[in-house]
Amino acid sequence: MMQVDAVELEVFRNLFHSIAEEMGAALRRTAFSPNIKERRDYSCAVFDAHGEVIAMGDNMPVHLGSMPMSVRVALDQLTLERGDVAMLNDPFAGGTHLPDITLVAPVWFGASGKRTADFYVASRAHHADVGGMHPGSMGLCESIYQEGLRIPPVKIVRQGAMSADVLRLLLANVRTPEERRGDLEAQLAACHTGAERLRDSCRRYGLKRVQAAGAALHDYAERMIRSVLLRVPAGRYEAEDALDDDGYSDDAVKIKVAITFAKSPLVTVDFTGTAKQVRGSINAVEAIAYSACFFVFRCLLAEEVPASAGIMRGVKVIAPCGSVVSAELPAAVAGGNVECSQRIVDVLLRALAQALPERIPAASYGTMSNVTIGGLDARTGMSFAYYETIAGGMGARPTKAGVSGIHMHMTNSLNTPAEALEYAYPLRVTRYSLRRGSGGEGRFRGGDGIVRELELLADAEVTLLADRHRTQPYGLSGGGPGASGAATAVYADGREERMKSKGSRLLLKGTRVRMETPGGGGWGV
């Protein structure tokens, strides 16, 4: 493998990152659903010939850290030839939860006789409905078979042509088929964009030089993470936290971690002692636990370090099978991706705060506060499925206050603009403001959460999948906790009723649903 000097490495780091970012831009511009084109609930990445991630876009951490597992499964189970594109969403085969559909495309440059691709590109997007019991496919369930259509690795494109039978099967099992078709085609456009940009780079610099740069970026990321981890005081740092409940029982669901810094491996992250998988749909699969670890250790690095596979070379993750952080079939997992992932980050940071107290912030709001509303839109006579995660308060940092009204940690999306939301769905935004005073007290205050209230303009099924409605985001170094979240149904006659944080119910036209998201914890006294 040819040598790559420091200047050239930086050029290629930016080149690969720009390809992943351009893929995301193509996906966003051509998507149909507000969830993707407005909220940006998608991710794109570039992989080398071995399926190792070289570069990621600045997208959703929960997608990006786990996407390499989906790519690996697709490559192991399918023979991808020129013009093929694989599709999958199976959480038990590298996926996260069923709404996240991943497309994987091989990229060849030059001679047609080569058996394996030179690169791979992948796009993942959260589809606002993939079937199942509840509109939006994010309801409280007891089994993955109730959550929607589960897709093992299959070819959605064969030799450049759409697999019409596979597409028909998918569209026949969702409530919003035209929107799903449009979003899938947008993902294909993203993969096409990435493939063309990689080929352009190979024409300009040569295939061997581009591949050598990818390998060098892995090594560079590994060196950088090692330099950081070796400065952490050796020892074992433990922490635990809990999800409020699983939606069926009132029992808290414990997540426990022990992070050990030693010589080989440099870091062991052990979730032994975490609760067993539960009845409700807050179970996370192993890919989620790995993704959360990837995110946390990436946060210890400078921004210019590539988010490549090299970051995890010195990290060993132990996630006991059958636990809530590594659930097994037939566990329901829709909320593992959005709720359990956030709590995993909370416990990882709480443990690291013991080793690096001057660097780690207090807990952020700790939930994606998922809201899904589905029914019949009288304007079109067709089904609709609105899905959104709602921002909250960032935890205060050792040197400054937390930011208010921001998506944190495993989510990096946006709230849907009121204009786009009201145009696309039979809903009206009646309140959208910061939740003043919800951040924790301290030398530096935690950020405030959000109040988001929607009025139903049609009878609809409303589904909530949220957490931190009983527990509070913790403060650090004597800082106070952030306020818990709350959800309220406000009926047309003015009556108000507290809603459970997890569950579905039918509500009539004129009812308003108010979400109040938690604030972040405070830091210091």
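Q: Which helix gives the largest share of the lining of the largest pocket?
A: Rolling a probe the size of a water molecule over the atoms shows where empty space is left. On a 1 Å grid over the protein atoms alone, a pocket is an open set of points with protein on both sides within 12 Å along at least five of seven lines, a cavity is a set where a 1.4 Å probe fits but cannot get out, and lining residues have an atom within 4 Å of a point. Here α8 supplies the largest share, five residues. Helices (H or I, at least four residues) and strands (E, at least two) are DSSP runs, numbered from the N terminus. Keep in mind that this is a predicted model: local features need pLDDT of at least 70, side-chain atom pairs count only at pLDDT 80 or more, and totals for chains, interfaces and linings use all residues. Residues are numbered from 1 along each chain as its sequence is written, and side-chain values use heavy atoms, leaving out hydrogens and water.

Q: What volume does the largest pocket have, and which residues are closest to its centre?
A: A volume is the space filled by probe spheres set on the grid points, which are joined across faces, edges and corners. For the largest pocket that gives about 1,200 Å³. Of its 46 lining residues, Pro61, Phe295, Arg298, Cys299 and Glu303 lie closest to the centre.

Q: How do the residues of that lining divide by type?
A: Ala, Val, Leu, Ile, Met, Phe, Trp, Tyr, Cys and Pro count as nonpolar, Asp, Glu, Lys and Arg as charged, and the others, Gly among them, as polar. The largest pocket has 25 nonpolar, twelve polar and nine charged lining residues.

Q: And the second largest pocket: how much space lies in it, and which element gives the most to its lining?
A: It holds about 490 Å³. Of the 20 residues lining it, Glu179, Asp377, Thr380, Ala424 and Tyr425 are closest to the centre. β13 gives the most, with four residues. By type, the lining has ten nonpolar, three polar and seven charged residues.
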